[in-house]
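Hi,

Here is the structure for you to look through. Open it first, then read my notes below.

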Amino acid sequence: MKTLILNGSPRKEGDTASLLSVFKATLLGEVLQIDAFEANISPCTDCRACSNHSGCCKQDEMQEFYRKLEEYDNIIIASPIWMETLPPPLMSIASRLQPYFYRPYTGKPKKGGILLVGGGSGGAEKAESTARLILKQLNVKEIHPLILSNKTDSVPTKDDQASLRSVCALAEWMNKNN
Ligand SMILES: Cc1cc2nc3c(=O)[nH]c(=O)nc-3n(C[C@H](O)[C@H](O)[C@H](O)COP(=O)(O)O)c2cc1C
């Protein structure tokens, strides 16, 4: 079983990281994590080359993402909520799924999970619907219910037992059927 994690947090020991460390400790198989703030992946510039040629012409780390996509059984989006949605570097990666707008990716169907953390200043609806759209473009057919730790200004995720239990359940769900 192979799992790809798209991590939208720049903080190495932050709230998203707390969820991910418990998740990875329970999950079986191989894991590849792309840390959006460190990846060399630039945003789509809507050049439209992918409208009549397959693939993307920008030569950066996203090329490896396209090449390996077929290998993954699971895809996780794990991120802080920023301005009620996802941080810009994660949106850069999302924008590079534009080739699949013209030619939908119909390879191996995948299972998915969305892990969000927020300080508590707003809802998670927009971030969740954006994350769902990303997973849909990657042919994720089954998405686990949202895992949300959304009062991190007062309760850091490392102390949010309910969300830590939920990520264990997510990992067990992925372990079971793959
Ligand atoms: C630029 C910026 C925008 C933010 N916007 C929101 C928001 O809209 N809603 C919210 O609940 N928290 C917001 N936050 C707070 C973070 O989501 C919160 O601190 C989170 O726990 C950080 O997660 P991390 O440690 O994994 O990076 C924002 C933080 C930053 C830096």
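Buried residues account for 37% of the 178 residues in the protein chain. Keep in mind that this is a predicted model.

Start with the overall form. The C-alpha trace spans about 50 × 35 × 25 Å along its principal axes. A compact globule of 178 residues would have a radius of gyration near 16 Å, and the protein chain has 16 Å, so the two agree.

Next, the secondary structure. The protein chain has seven helices and six strands. Along the sequence they follow the pattern β-α-β-α-α-β-α-α-β-α-β-β-α. Take contacts between residues at least 6 apart in sequence: 82% of them join residues at least 24 apart.

Now look at helix α1, residues 15–26. Its twelve residues should span 16 Å at 1.5 Å a residue. The end C-alpha atoms are 18 Å apart, which agrees. Which residues of α1 are buried? They are D15, T16, S18, L19, L20 and F23.

On to the core. Nonpolar side chains tend to be buried together in soluble globular proteins. Here the largest nonpolar core holds 40 residues. L6, L19, I77 and L115 touch the most other members. Leaving out residues up to four places away in sequence, L115 touches T16, L19, I76, A78, I147 and V167. Two of these names, T16 and L19, are also among the buried residues of α1.

Last, the ligand. It is surrounded by 18 residues. G14, T16, P80, G118 and T152 are the closest. The shell around the ligand divides into five nonpolar, ten polar and three charged residues.

Best wishes

Conventions:
Residues are numbered from 1 along each chain as its sequence is written. This is a predicted model: local features need pLDDT of at least 70, side-chain atom pairs count only at pLDDT 80 or more; totals for chains, interfaces and linings use all residues. A residue is near a molecule or strand if its C-beta atom, placed from the backbone, lies within 6 Å of it. Ala, Val, Leu, Ile, Met, Phe, Trp, Tyr, Cys and Pro count as nonpolar, Asp, Glu, Lys and Arg as charged, and the others, Gly among them, as polar. A nonpolar core is a set of buried Ala, Val, Leu, Ile, Met, Phe, Trp, Tyr and Cys residues joined through C-beta atoms within 7 Å. A residue is buried if 20 or more other C-beta atoms lie within 10 Å of its own, exposed if 12 or fewer, and partly exposed in between; C-beta atoms are placed from the backbone. Two residues are in contact if their C-beta atoms, placed from the backbone, lie within 7 Å. Helices (H or I, at least four residues) and strands (E, at least two) are DSSP runs, numbered from the N terminus. The expected span of a helix is 1.5 Å times one less than its number of residues. The radius of gyration is taken over C-alpha atoms; the globule rule is 2.2 Å times the number of residues to the power 0.38.
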